Amino acid sequence: MQLTTGMTDQEFQKLLEKINNIGLEVVAAHADDVDEKARFPEEAFTAFKREQLLSCYAPQEFGGMGLSMKQVCTICEVLGGHCASTAMIFAMHQIQIACVVHHYHNSDYFKQFLRDLVSDQYLLASATTEIGVGGNLRESKCGLTLEDDTFTIEKQAPVISYGKAADAIMVTCRRNESTNSGDQVQVLVFKKDCSLEQIADWDTLGFRGTCSEGFALKGTGGIEQIQPEPFGDILGQTMHPVSHLVWSSLWLGLAKDAIKKARAAVCTAARKDPGVTPISAIRLT
């Protein structure tokens with residue numbers, strides 16, 4: 001886990017003020033429409049890209065902000081108070097960034113990818129689940145087909161959140177078609193090099209804007225796009241712990257906002273009948 005930070009506390013507070021302004025003026029302004037129409041929060045992520053927030057966890061040596069995980073979690077908490085779906089997409093993207101940052105293992109390709117991420121503000125999605133394995137992330141049916149210095153992959157994924165909006169997808173699979181289901185790697189597949197055929201809808205209550213449909217994914221790439229460390233290590237050391245950190249942070253933001261709205265509703269009721277405690281005050285307590 002990254003322990004150092006590229007920003008002082010004072011610098012980070014200024015960044016938070018900017019993020020909160022974006023939250024108020026852009027994210028919250030479109031949150032109801034995003035949820036009602038179950039659409040990707042395009043306005044929010046256009047603003048994030050403009051401020052280079054999608055690469056905030058990338059180390060400074062690659063041009064990123066070099067934020068600490070604690071600082072990334074604080075951003076997730078702030079966004080959670082403005083729009084659930086926006087916060088969740090931002091958090092899931094940062095999980096994938098962390099998986100690259102902590103596991104590029106001196107790969108020249110992934111070092112350059114981090115630089116490109118900063119300059120182009122790529123949005124990363126992931127395809128870790130697969131039809132037929134019961135949600136077990138440590139098991140894959142699909143495997144890489146290797147030929148010379150290229151690979152092809154076909155995966156039936158029940159969920160790829162914001163898959164249509166992402167610039168690239170991190171896909172888990174067997175190392176090749178001959179290995180067992182637990183011998184997994186994670187590969188980077190760019191949207192321009194893959195096709196997504198929608199095979200399932202997801203009519204959720206909440207987080208509708210994550211657009212978490214299922215897809216049949218077919219992709220190609222160079223073997224240098226295969227992460228050098230086994231997926232089991234990536235999952236155990238980074239993906240799993242970082243997921244819980246950023247998700248719990250955005251849920252905290254959601255909870256704080258819910259309490260704020262509930263308190264405001266009680267105050268409004270109390271002003272209508274001075275001297276009488278509203279029943280809702282007891283429920284709020």
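# A guided tour of the model

Start at the surface by selecting Glu 147, Asp 148, Asp 149 and Glu 224, which gather there in a patch of negative charge. Keep in mind as you look around that this is a predicted model. Is Asp 148 buried or exposed? Asp 148 counts as exposed because its relative accessibility is 72%, and the exposed class begins over 50%.

**Next stop: the aromatic rings**

Across the whole structure, a search finds 10 aromatic pairs. Select Phe 113 and Tyr 122 to see one that is stacked: the ring centres are 5.8 Å apart and the planes meet at 10°. The angle is what makes this pair stacked, because planes under 30 degrees apart fall in that class. Both Phe 113 and Tyr 122 are buried.

How are the rings of Phe 113 and Phe 190 arranged, edge-to-face or stacked? This pair is edge-to-face, with 6.1 Å from centre to centre and 70° between the planes. Colour by secondary structure here: Phe 113 belongs to helix H5 (residues 108-120) and Phe 190 to strand S5 (residues 184-190), so their pairing ties together parts that are 77 residues apart in sequence. Phe 190 is buried, as is Phe 113.

Together with Phe 113, Tyr 122 and Phe 190, they form one aromatic cluster.

**Then the salt bridges**

Side chains of opposite charge can pair when their charged atoms come close.

Begin with Lys 18 and Glu 51, whose side chains meet in a salt bridge at 3.3 Å, N to O. The two residues are 33 apart and link distant parts of the chain: Lys 18 sits in helix H1 (residues 9-37), while Glu 51 is in the loop between helix H2 (42-50) and helix H3 (69-80).

Move on to Glu 77 and Lys 256, another salt bridge, with the closest N and O atoms 2.5 Å apart. Glu 77 lies in helix H3 and Lys 256 in helix H6 (residues 231-272), so this bridge ties together parts that are 179 residues apart in sequence. Glu 77 is partly exposed, with a relative accessible area of 21%, and Lys 256 is also partly exposed, at 48%.

Now select Asp 33, Lys 37, Arg 39 and Glu 43: salt bridges that share partners join these residues into one network. One of the bridges to look at is Arg 39 with Glu 43, where the closest N and O atoms are 3.1 Å apart. Glu 43 is partly exposed, with a relative accessible area of 28%.

**Two backbone stops**

Most residues other than glycine have a negative phi. Which value does phi take at Ala 38? It is near 50°, a positive value in a residue other than glycine. Ala 38 lies in the loop between H1 and H2 and is partly exposed, with a relative accessible area of 36%.

Tyr 162 also has a positive phi, of about 45°, although it is not a glycine. You will find Tyr 162 in the loop between S3 and strand S4 (168-174). With a relative accessible area of 3%, Tyr 162 is buried.

**Last stops: two exposed residues**

Select Leu 205, in the loop between strand S6 (194-200) and strand S7 (214-222). Leu 205 is exposed, with a relative accessible area of 82%. Draw a distance from its C-alpha atom to that of Lys 155: the separation is 27 Å, for residues 50 apart along the chain.

Finish at Ile 279, in helix H7 (residues 279-284). Ile 279 counts as exposed, at 61% relative accessibility. The C-alpha atoms of Ile 279 and Val 266 are separated by 8.6 Å, and the two residues are 13 apart along the chain.

Technical notes
Residues numbered from 1 in each chain as written. Predicted model: local features only at pLDDT ≥ 70, side-chain atom pairs only at ≥ 80, totals over all residues. Heavy atoms only, no water. Patch = residues over 30% accessible without salt bridge, like charges linked within 9 Å, V, L, I, M, F, W, Y side chains within 5 Å. Areas by Shrake-Rupley, 256 points an atom, 1.4 Å probe, with all protein chains shown as cover. Salt bridge = Lys/Arg side-chain N within 4 Å of Asp/Glu carboxyl O. Lys, Arg positive; Asp, Glu negative; His and termini not counted. Charge placed at Lys NZ, Arg CZ, Asp CG, Glu CD. Buried < 20%, exposed > 50% of the residue type's maximum accessible area, 1.4 Å probe, protein only. Phe/Tyr/Trp six-rings, centres within 6.5 Å; stacked < 30°, edge-to-face > 60°. Helix = DSSP H or I, 4+ residues; strand = E, 2+ residues; numbered from the N terminus.
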